[in-house]
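Please prepare a short briefing on the structure shown below. Cover individual residues, the nonpolar cores and the surroundings of the ligand.

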Amino acid sequence: MTSDCTDTSINDTNSPDKIPLSALNQYAYCPRRCYLIHAEGEFKDNLHTESGTREHEHVDQLTHDIKKGVRVEFALPVWSDKLGISGRCDAVEFHPDGRVFPVEYKHGKRKQWDNDDIQVAAQALCLEEMLKTDIPNAAIYHIQTRRRRDVSIDQDLRNQVTATITAVINLLNGQHCPLPTEHIKRCPQCSLNELCNPELLNEKSRLQQLSAQLFNLETDEA
Ligand code: SF4
C-alpha cells in the first residue's frame, strides 16, 4: 500500500479525550511517574531531560527534508481514533517504494527498558490507521551515540501497546497514585526523583506494614 504524508491533517493531535503517546512511555517506565505527570501535572527537568530537550530541538519543529529520495517529516502530529491516542512523531520517513517509517529520537544510549519501543510502536499504529498502510518496522535514533536501532512492530509489541493504553486509562481514571515499589531501579535517572522521594515513601510503607503486623500480633495474643 502506498501512503502520502499530505493525507494528514493536524487538527486532531491534541484532542483532550485522547491519551498522549508520551504517557505510554512514562507508564512503561514507571506508573507512578505517569500518574504524577499526567494526572497531577508535575514535571521536572533533570540533567537527562534537559539535554534531551536541547538535543530534541531540531525535531520539535514541523518541517520536512528530502534525503536520497526519502521525504522526512519532522514533528508530525499523529493520532488513532480506534485506540484513543495522539501525539507527535519526531520524524517519519516516507520512502519512494511506499514504506513509512517512524523514527523516535532519544537522548543517550539504549536503555534497558522497553518504554521507547512501546512509544514508537504506538506511533506506527497511529500512522497505519491514518494512512491506511502497514508499518512493520520503526526505529529509535540515539542522539548521543548516533546509533539507530530498528524496532520490529510485531504482534507482541502491538499487544504491549494496547495493554499499556488500557493500563494508562485505568491509572488516570483510578485517581490513585501508585507507590514506587516496582520501579525503584529506575529512580536514580528519573527527573521526578526529588519530588517523588521514593526511598522515603518505601520506608513509610515498610513502617506501615510493620505496624500492621504488630497490630495483628497483639490482636492474636489478646
Ligand atoms: S523516582 Fe522512581 S518511583 Fe518516583 S516517579 Fe521516578 S521512577 Fe517512579
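H95 is buried, at a relative accessible area of 17%, where buried means under 20% relative accessible area, exposed over 50% and partly exposed in between, with a 1.4 Å probe and protein chains only. The model is predicted: local features need pLDDT of at least 70, side-chain atom pairs count only at pLDDT 80 or more, and totals for chains, interfaces and linings use all residues. Residues are numbered from 1 along each chain as its sequence is written, and side-chain values use heavy atoms, with hydrogens and water left out.

**The loop between strand 4 and strand 5**

- H95 lies in the loop between strand 4 and strand 5 (100-106); helices (H or I, at least four residues) and strands (E, at least two) are DSSP runs, numbered from the N terminus.
- Not counting residues up to four places away in sequence, H95 touches V70 and F101, contact being heavy atoms within 4.5 Å.
- D97 is found in the loop between strand 4 and strand 5, and D97 is exposed, with a relative accessible area of 53%.
- The C-alpha atoms of D97 and G69 are 10.0 Å apart in space, and the two residues are 28 residues apart in sequence.

**Strand 4**

- C89 is found in strand 4 and is buried, with a relative accessible area of 0%.
- Residues up to four places away in sequence left out, C89 touches F74, A75, L76, V78, Q123 and L127.
- A91 is in strand 4 and counts as buried at 1% relative accessibility.
- Beyond its neighbours within four places in sequence, A91 is in contact with V72, E73, F74, F101, P102, V103 and Y105.
- A91 and Y105 are 14 residues apart in sequence and 7.9 Å apart in space, C-alpha to C-alpha.

**Nonpolar cores**

- The largest nonpolar core has 45 residues, and L24, I85 and L127 have the most contacts inside it; a nonpolar core is a set of buried Ala, Val, Leu, Ile, Met, Phe, Trp, Tyr and Cys residues joined through side-chain atoms within 4.5 Å.
- Two or more residues of this core come from each of helix 1 (21-29), helix 2, strand 3 (70-80), strand 4 (85-94), helix 4 (115-131), strand 6 (137-142) and helix 5 (155-174).
- Helix 4 gives the largest share of this core, 10 residues.
- Another core, of nine residues, lies apart from it and includes V103, Y105, A139 and I143.
- Not counting residues up to four places away in sequence, L127 touches L76, V78, C89, V92, V100, P102, K132, T133 and I135.

- Seven of the eight residues of helix 2 are buried, so helix 2 is largely enclosed by the rest of the structure.
- The buried residues in helix 2 are P31, R32, R33, C34, Y35, L36 and I37.
- Around the ligand are Y29, C30, R32, R33, P180, C187, C190, N193, C196 and P198, each with a heavy atom within 4 Å of it.
- Helix 2 (31-38) and helix 6 (193-196) each supply at least two residues of this shell.
- The shell divides into seven nonpolar, one polar and two charged residues; Ala, Val, Leu, Ile, Met, Phe, Trp, Tyr, Cys and Pro count as nonpolar, Asp, Glu, Lys and Arg as charged, and the others, Gly among them, as polar.
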